[in-house]
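Reader: Hi! I'm new to this one, could you walk me through it?
Author: Happy to, let's have a look together.

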Amino acid sequence: MTATKIVESKALKKSAPRARRNPFAAYGIVIFLVLIIVAFSVLSPSFARFDNVRLLLANLAIPGILALAAILPLTVGEFDLSLGATLGFSAITSLTLANSGLPLPVVILLTLIVGAVIGAFNAVLVIVFRVNAFIATLGVATLLAGGNLLLTNSSLLTLKVPQFALLTTTRVGGIQVVLAYLVVAALILWLVMEKTPFGRYSRATGLGRSAATLSGINTSRYLALAFILGSILAALAGLLQASRAGSAPPSLGPDFLLPAYAAAFLGATTIRPGLFNVWGTVVGVILLAVGSNGLTLLGAQTWVTNAFNGSALILSVAVSGFVSRKRKRA
């Protein structure tokens, strides 16, 4: 066991008894989620109806996959602001490829490759040219926005191949299969992050890059993998968005970014407080979706949803930062 693994293991062992002594610290967001579900069910009879629950679950799948993408760079201590733009560019790319008549497996493969290339480009900028990740990924996002305008000729791109839509709109038990993609992605990412050396070394890189490097961890490798895998997940989200919506405007993408980071930071305050984790992020995604859906049913105007997401992001960043500092002092 390396020195970093020993340090991380000791830190986790220290935090575990505290979580057991104070369940609210680890499951406060889960409890809050249950409370707002009860509140919305009482205030709006439509909230708990099966049709609404089915729509809510289907709607949270794609933002959920993008939120999972966000925790990969966050785990290694970096931001990737191009994830929303990657989603938009991948959606437009997949629609273009599908409309050209290519078989569906080829469309899926090429779209994921596009995501991998974007992630690799981000990694080169950050690791090789040492550009600040915030600036590098913001610049890449702007480049992708220009690519969207080029591919769509600045107009709405629509799907001309109905078979492509079946990828997400097929129903199983009355629920769109798009939800299954989120469940599978979460399970795979949980296994990777919690049960493999990649997860341990990525977390060690994020907790202290210099210490991880001195311990013999190739931090550049884990930084690059985090950017690439995050972009592949964002490309998958874009592919599914294109399939489900059947169209893509050239401005698609940036609107998905803030909720994704809000869910990721909310996730860092629950299940494993102070650490970006998969199931905490899923809880964050559900909380944001329930809040948005419940407020809409209560007749709130559209700006209220944005205010809710923004407030959730600010509050979750503040709380996760507080929890992280508390862990370091422990």
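**A first look**

Author: Of the 330 residues in the protein, 47% are buried, meaning under 20% relative accessible area with a 1.4 Å probe and protein chains only, while exposed is over 50% and partly exposed is in between. This is a predicted model, where local features need pLDDT of at least 70, side-chain atom pairs count only at pLDDT 80 or more, and totals for chains, interfaces and linings use all residues. Residues are numbered from 1 along each chain as its sequence is written, and side-chain values use heavy atoms, with hydrogens and water left out.

Reader: What does the pLDDT average for the protein?
Author: The average is 89, and 90% of the residues score at least 70; pLDDT is the predictor's confidence in each residue, from 0 to 100.

Reader: And where does pLDDT stay under 50?
Author: Over residues 1-19, for which the model has 21 contacts beyond four places in sequence. A contact means heavy atoms within 4.5 Å.

Reader: How many helices and strands are there?
Author: There are 14 helices and four strands, taken as DSSP runs numbered from the N terminus (helices H or I, at least four residues; strands E, at least two).

Reader: Which residues have the most contacts inside the largest nonpolar core?
Author: Leu68, Leu83, Phe164, Leu189, Leu233 and Tyr261, in a core of 92 residues. Helix 3 gives the most to this core, with 14 residues. Such a core is a set of buried Ala, Val, Leu, Ile, Met, Phe, Trp, Tyr and Cys residues joined through side-chain atoms within 4.5 Å.

Reader: Ok, what does Leu189 touch?
Author: Leaving out residues up to four places away in sequence, Leu189 touches Leu68, Ile71, Leu72, Leu233 and Val278.

Reader: Switching to Leu57: why does it count as partly exposed?
Author: Because its relative accessibility is 26%. Leu57 sits in helix 3 and, beyond its neighbours within four places in sequence, is in contact with Ile175 and Leu179. The C-alpha atoms of Leu57 and Ile175 are 7.9 Å apart, although 118 residues separate them along the chain.

Reader: Last topic: what is the volume of the second largest pocket?
Author: About 700 Å³. Among its 27 lining residues, the closest to its centre are Asn59, Pro63, Pro259, Ser292 and Asn309. On a 1 Å grid over the protein atoms alone, a pocket is an open set of points where a 1.4 Å probe fits, with protein on both sides within 12 Å along at least five of seven lines, and lining residues have an atom within 4 Å of a point.

Key. Grid points are joined across faces, edges and corners, and a volume is the space filled by probe spheres set on the points.
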